[in-house]
Amino acid sequence: MTTNGSSSLSEHMKALCRAPRTPGSPGYLESQIYICETLQSLGFDVLEQRFSPLLVGPSLNIYARLDSSAGSSEKGILLGGHYETLCSSGVGADDNASAVAVILELARRFKENPPATPVTFCFFDLEENYRLGGLRGSEAFASHFADRFQEVIILDLVGGHFAPHMESAYFQFGDSRPPLQHSDLEFMHLPIKVLEPLGAWGSMGPRSDYYAFRKRGVPYTFLSSGTPWYYHTENDNLDRIDFEKMEKLCEVLEKEIYKGCSSTPHIPSWNSFHRLTELISKTPQLQSKELQLMMERKAEPDRLQMVRFHIQVLKKLREFGPSLWAA
Ligand SMILES: [Zn+2]
């Protein structure tokens, strides 16, 4: 049976982006109802994990499991992403309604035709950094259930364009899968240090819900189209979303999950980092001597260089915004 996910992707996005999903807000509560009702309409038993972190109101992770034909005791794959938004993010279309929509769409496809490996679809609360830090939904979940999974796939911001010349790109971190393949997409399988140049406790430490599982030794893959100029601003709305790109991501993930888990680690390569600097330096506003040096060096950049890389690229993405594409 052929499935066309694009219609439900945009339906999910419109429903989730009616209002900001800041914890405690009407939009947040509506999004919880939407996720639960969508899963129920697909025939899933919806499970909830309630937790009450210090200084933030009652919080809720929502999840549903699809057992394999082999039975329910087998370890499975977790496919997850956070659903709530930061106060500054407006309706958070890319961050992170995009991941919720992709996960709901995959839940629909897998319900029709279940993979051999059990899959849990998880929608985390409190990923964003409120009082006393972020990543608290995935931490609450992993602290109880991490040992149920042989692999975790986390999505965060999967509907956007990081920079010009990178419209078809996804960043891929973690070693549970080789670089993903799709004829129209480019997956850059990068060392986690590119994302976390300051290590676990610096301001550029863990960046999304993969961390709670990584620290417990669960093999993981983290996928993102990156943090573009509108990241954590009111401009993160439906106009920014590339629905075709999300549809292609669904195709890739569907195929990957049918393959099951790999038993060998797939180490990311610094070559992808040089490919990234090459793409970025095609945009004149993002060019710099430092980037040029990193490209020429063809070796693992040191920590200081990685920090400078972040500061230069991310700051300039913000500074130039959409005019980057006009260059
Ligand atoms: Zn996010």
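# Close-up views of a predicted model

View 1. Once its neighbours within four places in sequence are set aside, Pro53 is in contact with Ser59, Leu126 and Arg136.

**View 2. Helix α4 and what covers it.** Helix α4 spans residues 136-145, and seven of its 10 residues are buried, so the helix is largely enclosed by the rest of the structure.

**View 3. Two leucines with positive phi.** Leu135 lies in the loop between β4 and α4, and although it is not a glycine, Leu135 has a positive phi of about 60 degrees. Leu135 has 22 other C-beta atoms within 10 Å, and a residue needs 20 or more to count as buried, so Leu135 is buried. Leu157 is likewise not a glycine, and its phi is positive at about 55 degrees; this residue is found in the loop between β5 (149-155) and β6 (169-173). Leu157 counts as buried because it has 25 C-beta neighbours inside 10 Å.

**View 4. Helix α3 and the largest nonpolar core.** Helix α3 has 20 residues and reaches 27 Å from its first C-alpha to its last, which is close to the 28 Å expected at 1.5 Å a residue. Of those 20 residues, 17 are buried, so α3 is largely enclosed by the rest of the structure. The largest nonpolar core has 81 residues, and the members that touch the most other members are Val100, Ala101, Val102, Ile103 and Val152. Helix α3 (residues 93-112) supplies the largest share of this core, namely 10 residues. In soluble globular proteins, nonpolar side chains tend to be buried together. Leaving aside its neighbours within four places in sequence, Ile103 is in contact with Leu79, Gly81, Phe121 and Leu155. Helix α3 also holds Asn96, and the peptide bond that leads from Asp95 to Asn96 is cis, with omega near 10 degrees.

**View 5. The two sides of helix α2.** Helix α2 (residues 26-41) has 16 residues and reaches 22 Å from its first C-alpha to its last, close to the 22 Å expected at 1.5 Å a residue. Its buried residues are Ser31, Ile35, Thr38 and Leu39. Seen down the axis of α2, these buried residues fall within an arc of 95 degrees, so they line one face of the helix. The face turned away from this buried side carries the exposed residues Pro26, Ile33, Glu37, Gln40 and Ser41. Helix α2 is followed by Gly43, whose phi is positive, near 100 degrees.

**View 6. The crossing of helices α7 and α8.** The axes of helix α7 (residues 270-280) and helix α8 (residues 289-297) come within 9 Å and cross at roughly 145 degrees, and the crossing in which α7 passes α8 is left-handed. Where the two helices meet, His274, Thr277, Glu278 and Ile280 belong to α7, whereas Leu291, Met294 and Met295 belong to α8. Helix α8 also contains Lys289, which counts as exposed because it has 8 C-beta neighbours inside 10 Å. Lys289 and Asp184 are 105 residues apart in sequence, and their C-alpha atoms are 31 Å apart in space.

**View 7. Glu196 and Met306.** Glu196 is placed in the loop between β7 (186-189) and α5 (211-214). With 18 C-beta neighbours inside 10 Å, this residue counts as partly exposed. Although Glu196 and Met306 are 110 residues apart in sequence, they are 8.8 Å apart in space, C-alpha to C-alpha.

Key
Residues are numbered from 1 along each chain as its sequence is written. This is a predicted model: local features need pLDDT of at least 70, side-chain atom pairs count only at pLDDT 80 or more; totals for chains, interfaces and linings use all residues. A nonpolar core is a set of buried Ala, Val, Leu, Ile, Met, Phe, Trp, Tyr and Cys residues joined through C-beta atoms within 7 Å. A residue is buried if 20 or more other C-beta atoms lie within 10 Å of its own, exposed if 12 or fewer, and partly exposed in between; C-beta atoms are placed from the backbone. Helices (H or I, at least four residues) and strands (E, at least two) are DSSP runs, numbered from the N terminus. Two residues are in contact if their C-beta atoms, placed from the backbone, lie within 7 Å. The expected span of a helix is 1.5 Å times one less than its number of residues. The arc is that of the directions from the helix axis to the C-beta atoms. Axes are lines fitted to C-alpha atoms, for helices over the stretch in contact, and angles run from 0 to 180 degrees between N-to-C directions. A crossing is left-handed if the near helix is turned anticlockwise from the far one by less than a right angle, and right-handed if clockwise.
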